[in-house]
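Subject: Structure handover

Hi there,

Here is the structure I promised to pass on to you. Could you open it alongside this message while you read?

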Amino acid sequence: MTLTIARTRAVYDLLDVQDALDRSRGRSPELEAFYERMLETGPERFVTTPSSIDALSPLLEECPNFDAVLDDLARYLRLAHAGNKGFNVMPILLLGGPGVGKTHFAKRLARAMGTDCELISMNALSAGFVITGSSASWRGAKCGKVAEKLVRGQYANPVLVLDEVEKASGSSQSDPLAALYQLLEPETSRAFRDEFIDVEIDASQIFWVLTANSVEGIPAPLLNRMAVYEVPAPTPEQAAGIAQRMYASLLVELNLSGFDARLAESVLDKLAPVAPRDLRKTLLDSLGYAVADGRGHVTVEDVRLRPAAGRGRIGF
């Protein structure tokens, strides 16, 4: 089991919040309640760092096609340990076709770091309000995902995943990517202002993971703020390893101790084309067919592949 080292960091100033609360009296009950919650919970949040430099090794076994990303992250983790500082790296952009496991990788990375993960789908997002919040003077106004995660969560360094970022659309009045120019820069993100609460929040510790099928539609200045990685589909050998590890995990999870510990090569060959995001369900179905037939092993016939039903979402 990998433990995490946790320090605390103030993500906002209590005096600023009190001043904002005093100014908002009688204007918006929702805003007043939010300020009162900020005062009640206090500004300190955890900043986590894996206690072992080998904390990311299990991810390489589970997501072997992310080896280039993990090589860099492992290097930065060693630097964090050498300098006794937090594990905080530049935002990363994962490029690859649907189904290669980008979103799943981000979630597993958050677990390895001992922090939270928040998924924000950018597909057809027509405004940046989801990220930055909306003005308290608007009807139905509320804070954005960044402020919500930092104020209501326990961590100053959650993993925020912007899924399908190249598909975000906007207008001359509202660009959903505009806030990222500030949020992806360490210096300017320390003084991020959500439109709803209008109080400076330190968002500099957020671990940003963006996913996309291609860089088309992503502005060059935004690309320059990220480390860009092209993630290939798993090779047949990697796919077999992923399937075997997931199968073994399911046997433990479902307490199926009477089943064969390993899948047959013919079964692994049939599972090879299954996208990582669909693999768990395929294996669950296969185990279900085997149980229904009174067997303790999965056969090729149990693996019933579904035809592609059009283009799906990225990741698991």
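Below is what I found in it, going from the whole chain to single residues.

First, some housekeeping. This is a predicted model, in which local features need pLDDT of at least 70 and side-chain atom pairs count only at pLDDT 80 or more, while totals for chains, interfaces and linings use all residues. Residues are numbered from 1 along each chain as its sequence is written, and side-chain values use heavy atoms, with hydrogens and water left out.

**The whole chain**

The chain's secondary structure comes to 13 helices and 9 strands; these are DSSP runs numbered from the N terminus, with helices (H or I) of at least four residues and strands (E) of at least two. Its C-alpha trace spans about 70 × 45 × 40 Å along the principal axes. Of the 316 residues in the chain, 48% are buried. Here buried means under 20% relative accessible area, exposed means over 50%, and partly exposed is in between (1.4 Å probe, protein chains only). Taking contacts between residues at least 6 apart in sequence, 77% join residues at least 24 apart; a contact means heavy atoms within 4.5 Å.

**The sheet**

In which order do the strands of the open sheet run? The order of its 5 strands is E4-E5-E8-E3-E9, and the pairing is parallel. Two strands count as paired if DSSP finds at least two bridges between them. At the edges are E4 (117-121) and E9 (227-230), each of which pairs on one side only. From one strand to the next, the twist averages 20°. For these angles, axes are lines fitted to C-alpha atoms (for helices over the stretch in contact), and values run from 0 to 180 degrees between N-to-C directions.

Two of the pairings are worth a look on screen. E3 (residues 92-95) and E8 (residues 207-212) are parallel and share 4 bridges, with Leu95 opposite Ala212 in E8. E4 and E5 also run parallel, joined by 5 bridges, and here Ile120 stands opposite Leu162 in E5.

In a regular strand, side chains alternate between the two faces of the sheet. On E4, Glu118 and Ile120 make up the covered face, while Cys117, Leu119 and Ser121 make up the uncovered one.

H4 (residues 67-82) touches E3, E8 and E9, and its direction makes about 145° with that of E9. H7 (residues 145-152) lies across E4, E5 (159-163) and E8, running at about 165° to E4.

**Helix H1**

H1 (residues 14-24) has Val17, Ala20, Leu21 and Ser24 buried. These residues are on the same side of H1 because they cover an arc of only 100° around the axis, the arc being that of the directions from the helix axis to the C-beta atoms. What do the buried residues of H1 pack against? Their partner is H2. On the face turned away from that buried side you will find the exposed residues Leu15 and Arg23.

**Rings**

There are 4 aromatic pairs in the structure. Rings of Phe, Tyr and Trp (its six-membered ring) pair if their centres lie within 6.5 Å; planes under 30 degrees apart count as stacked, over 60 as edge-to-face and the rest as tilted. One of the pairs is Phe34 with Phe196, edge-to-face at 6.1 Å centre to centre and 85° between the planes. This pair links distant parts of the chain, 162 residues apart: Phe34 is in H2 (residues 29-41), and Phe196 is in the loop between E6 (192-193) and E7 (200-201). Phe34 is buried at 4% relative accessibility, and Phe196 is buried at 6%.

Elsewhere, Arg304 places its charged end over the ring of Tyr289, 3.6 Å from the ring centre. The test is that NZ of Lys or CZ of Arg is within 6 Å of the ring centre and within 35 degrees of the ring normal.

Glu164 has a positive phi, near 55°, though it is a residue other than glycine. Glu164 is in the loop between E5 and H8 (180-183) and is buried, with 2% relative accessibility. Asp198, likewise not a glycine, has a positive phi of about 50°. Asp198 belongs to the loop between E6 and E7 and is partly exposed at 40% relative accessible area.
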